[in-house]
Amino acid sequence: MLNKNIVRLAIPLAVGALALTGCASDSGSSGDTLKIAFQGPLSGDNVALGQNMERGIQLAIDQANAKGDLPVKLEYFPVDDQGLPEKATGAAQLAIDDPDVIALVGPAFSGPTNSAAPLLGDAGLTAISPSATNPGLTEQGFKTFLRGVPNDSAQGAGMADYYAKKLKAKKVYLVDDKSDYGVGLAKVANEKLTAAGIEVVKKSVPAKTPDYSAAAKDVVNSKADALIYAGYYQDAAPFAVKLAEAGYKGAAISGDGTNDMKFVELAGDAANNWFLTCPCTDATVEASTKQFSADYKKKFKVDPGTYSAESYDLTNYVIQELKKLGDKADRASVYDALSKGSYKGLTKEFSFDDKGELKISNIYLYQVKSGKIEYQGSIQELAGS
């Protein structure tokens with residue numbers, strides 16, 4: 001680990017790159033290069049969500065380099081935490097130790113963010129996340145953490161409002177996967193459902209449970225008319241299969257951790273009719289993201305996924321501030337500019353309060369129909385909130 005006093009020093013554009021073993025760059029030592037890192041699951045069970053984000057980041061960097069209006073070349077610097085808290089500090093340290101890394105987009109998941117944010121803060125390296133939604137992350141005084149997405153207070157409230165006002169649910173079975181993300185989302189949903197007068201049955205089922213048959217039977221036996229699963233697609237899919245096998249006929253909703261086509265691929269027909277929420281719009285549908293979607297598909301041969309466009313926006317926010325700072329840019333000045341400034345992206349306008357929380361809280365609803373995830377619109381508007 002670098003001495004913290006050294007890490008806190010500003011890193012000017014003129015500093016030469018120190019080529020590290022295993023580094024994403026092959027350009028060697030060059031004062032003409034800055035790197036934007038991404039920390040997220042680039043391998044492991046939830047790799048599809050990480051790939052969605054990294055592709056958005058790569059596209060923004062490639063387009064900025066093609067424009068040629070920066071005084072430096074930008075490079076993409078991936079660090080893989082597999083979406084696991086125990087891998088997060090090692091991944092973050094790789095970014096910290098490269099002096100050319102000027103900002104980090106991520107960490108992607110809440111658990112890894114909770115682990116890595118203190119380290120990134122001590123290094124003065126911005127951690128601007130497109131997707132870490134646990135509400136408590138901005139309550140811990142992390143020095144350089146900015147949340148570029150509405151937190152689960154908004155997402156859990158949206159789920160509860162939709163069940164209460166639109167579907168008129170009477171009893172909801174609420175399951176979390178014991179992750180930081182799942183527990184945080186379930187906590188908010190429980191509070192809002194209870195406040196709406198809906199009976200709630202709570203259960204924690206750890207991620208990677210080998211067989212969801214017992215949990216599925218519990219749901220059916222509870223006579224609940226609606227279900228919330230707070231966790232990731234890798235576990236939501238086998239749970240959905242077992243629910244279908246057990247004869248569950250009620251409504252089912254999960255959050256942004258499940259909102260990926262991998263859920264549909266893994267669950268098959270059992271995914272149909274599930275509702276999915278996300279603090280993210282569908283880049284293939286919204287007019288503002290149509291060109292982005294076309295450029296993304298041209299480059300990667302797939303449509304953008306959950307948080308692709310948001311990651312693209314946040315990377316472009318970093319790039320905007322680098323242009324403004326010019327040769328005065330360093331880690332400290334970049335964080336200061338991002339935390340105090342604003343950026344009108346394709347998906348939303350980004351600006352932060354004094355805790356690093358995004359100032360807006362829009363949540364969107366999707367539904368799986370005939371093997372496809374279809375965008376429904378603002379969950380607040382659909383619920384009549």
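Entry 1: Before quoting a volume I need the term: a pocket here is an open set of grid points where a 1.4 Å probe fits, with protein on both sides within 12 Å along at least five of seven lines. I also note that this is a predicted model. Rolling a probe the size of a water molecule over the atoms shows where empty space is left.

I looked up the largest pocket and found a volume of about 550 Å³. Its lining has 22 residues, and those nearest the centre are Met 261, Asp 303, Pro 304, Gly 305 and Thr 306. Two elements give two or more residues to this lining, helix H2 (47-67) and helix H9 (261-267). H2 has the largest share, with five residues. Sorted by class, I get nine nonpolar, seven polar and six charged residues in the lining.

**Entry 2: the second largest pocket.** This one holds about 380 Å³ of space. I find 21 residues around it, with Asn 46, Gly 83, Leu 84, Ala 207 and Tyr 232 nearest its centre. Helix H4 (110-122), helix H6 (180-195) and helix H8 (233-246) each supply at least two lining residues. The largest share, three residues, is from H4. The class count for this lining is seven nonpolar, eight polar and six charged.

**Entry 3: the seven-stranded sheet.** I traced an open sheet with the order S7-S6-S8-S9-S10-S13-S14 and mixed pairing. Its edges are strand S7 (199-204) and strand S14 (372-378), each pairing on one side only. From one strand to the next, the twist averages 25°.

Next I walked through some of the pairings. S6 and S8 run parallel and share five bridges; Tyr 173 has Leu 227 in S8 as its bridge partner. S8 is joined to S9 by four bridges, again parallel, and Ile 228 stands opposite Ile 253 in S9. Strand S9 (residues 251-254) and strand S10 (residues 275-278) are parallel too, with two bridges. There, Ser 254 has Leu 276 in S10 as its bridge partner.

I also checked what covers this sheet. Helix H5 (residues 152-166) lies across strand S6 (171-176), strand S8 (226-230), S9, S10 and strand S13 (364-369), and runs at about 165° to S9.

**Entry 4: a closer look at S8.** Are the residues of S8 buried or exposed? Five of the five are buried, so S8 is largely enclosed by the rest of the structure. In a regular strand the side chains alternate between the two faces of the sheet. I see this in S8: Ala 226, Ile 228 and Ala 230 point one way, Leu 227 and Tyr 229 point the other way, and all are buried.

**Entry 5: the five-stranded sheet.** A second open sheet has the order S2-S1-S3-S4-S5, with parallel pairing. Strand S2 (73-80) and strand S5 (145-147) stand at its edges with a single partner strand each, so one side of each has no neighbour in the sheet. Here the twist averages 25° from one strand to the next.

H2, already noted for the largest pocket, lies across strand S1 (33-40), S2 and S3 and runs at about 170° to S2. H11 packs on the sheet as well, touching S1, S2, S3 and S4, and its direction makes about 155° with that of S1.

Entry 6: Most residues other than glycine have a negative phi, and most peptide bonds are trans. I jotted down some exceptions.

- The peptide bond from Gly 106 to Pro 107 is cis, with omega near -10°. Pro 107 sits in the loop between strand S3 (101-105) and H4.
- Lys 208 has a positive phi, near 70°. I place Lys 208 in the loop between S7 and helix H7 (213-221). Its relative accessibility is 59%, so Lys 208 counts as exposed.
- Lys 301 has a positive phi of about 65°. Lys 301 is in the loop between helix H10 (290-300) and helix H11 (308-325). With a relative accessible area of 64%, Lys 301 is exposed.

Key. Residues are numbered from 1 along each chain as its sequence is written. This is a predicted model: local features need pLDDT of at least 70, side-chain atom pairs count only at pLDDT 80 or more; totals for chains, interfaces and linings use all residues. Side-chain values use heavy atoms; hydrogens and water are left out. On a 1 Å grid over the protein atoms alone, a cavity is a set of points where a 1.4 Å probe fits but cannot get out, and a pocket is an open set with protein on both sides within 12 Å along at least five of seven lines; lining residues have an atom within 4 Å of a point. Grid points are joined across faces, edges and corners, and a volume is the space filled by probe spheres set on the points. Ala, Val, Leu, Ile, Met, Phe, Trp, Tyr, Cys and Pro count as nonpolar, Asp, Glu, Lys and Arg as charged, and the others, Gly among them, as polar. Two strands pair if DSSP finds at least two bridges between them. Axes are lines fitted to C-alpha atoms, for helices over the stretch in contact, and angles run from 0 to 180 degrees between N-to-C directions. Contact means heavy atoms within 4.5 Å. Buried means under 20% relative accessible area, exposed over 50%, partly exposed in between (1.4 Å probe, protein chains only).
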